[in-house]
Amino acid sequence: MKQRAKHFATSAHHGQRRKSSNAPYITHPVRVAERLEAAGFGEELICAGYLHDVVEDTPYTIEDIKEHFGSHVAYLVAAHTEDKSLRWKERKQHTIDTVRVGGKEIKQLIIADKLDNLLSLEADLANQGDAVWDHFNAPYDQQKWYNQAIAKVMYNGINQEDIPDYFKTYEELVHRIFVS
């Protein structure tokens, strides 16, 4: 099923590029899925890693995900999918709230995604400097608010044994980019 999810995401994101690096977009979901797999998570969560942006950024729907990958994968993808009809801050507040109250798999998926985004951002900052912020829908101070808020609530309601090492990496990266 993982290979089908990877293929589906690759096809769905065909021709799309990352905001600031111009790399093929699929590199991001692949890294998210690989991080989830390296942390030892199950196949459905790994599939959701590959598929997490499909509904948000392509014509495919949650029903398409459900039809091809089952209810649980669709549930995880839906929990992580932003409503693009909302304003940036409303979308981000919804994600913060989802992380605050979400179950462990939702938290594990969202933080794997946010970590990959920040790792890319850190590399782009090293290469492009502050000009990188011009590629985003919100300026530095709002990005700071968003990432710090995620880091603050990501441990809520999750047992210590369910916290992967990359949560700490995300926390450290938020501090490095937005506090240091």
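Let me begin where two helices meet: Ile62, Ile65, Lys66 and Phe69 in H5 are in contact with Ser71, Val73, Ala74, Val77 and Ala78 in H6, contact meaning heavy atoms within 4.5 Å. By class, that contact has seven nonpolar, one polar and one charged residues, where Ala, Val, Leu, Ile, Met, Phe, Trp, Tyr, Cys and Pro count as nonpolar, Asp, Glu, Lys and Arg as charged, and the others, Gly among them, as polar.

A word on the basis: this is a predicted model, in which local features need pLDDT of at least 70 and side-chain atom pairs count only at pLDDT 80 or more, while totals for chains, interfaces and linings use all residues. Residues are numbered from 1 along each chain as its sequence is written, and side-chain values use heavy atoms, with hydrogens and water left out.

The helices I name are DSSP runs (H or I, at least four residues), numbered from the N terminus. H5 and H6 pack at an angle of about 150 degrees with their axes 7 Å apart, the axes being lines fitted to C-alpha atoms over the stretch in contact, with angles running from 0 to 180 degrees between N-to-C directions. H5 and H6 are therefore roughly antiparallel to each other, a term used for angles over 145 degrees.

H5 (residues 62-69) also packs with H1 (residues 2-12), their axes coming within 11 Å and crossing at roughly 150 degrees. That makes H1 roughly antiparallel to H5. Here Arg4, Ala5 and Phe8 in H1 meet Ile65, His68 and Phe69 in H5, and the residues of this contact divide into four nonpolar, one polar and one charged.

Why can helix H3 be called largely enclosed by the rest of the structure? Seven of the nine residues of H3 (residues 43-51) are buried, so H3 is largely enclosed, buried meaning under 20% relative accessible area with a 1.4 Å probe and protein chains only. Those buried residues are Leu45, Ile46, Cys47, Ala48, Gly49, Tyr50 and Leu51, and what covers them includes H1, H2, H4, H5, H6 and H8.

Finally, I turn to Tyr146, which lies in helix H9 (residues 140-153) and is buried, with a relative accessible area of 4%. Not counting residues up to four places away in sequence, Tyr146 touches Glu82, Trp88, Lys92, Thr95, Ile96 and Lys114. With the side chain of Lys114, the side chain of Tyr146 makes a polar contact at 3.2 Å, that is, a pair of N or O atoms within 3.5 Å, one able to donate a hydrogen and the other to accept it.

Methods
Buried < 20%, exposed > 50% of the residue type's maximum accessible area, 1.4 Å probe, protein only. Parallel < 35°, antiparallel > 145°, perpendicular 65-115°, else oblique.
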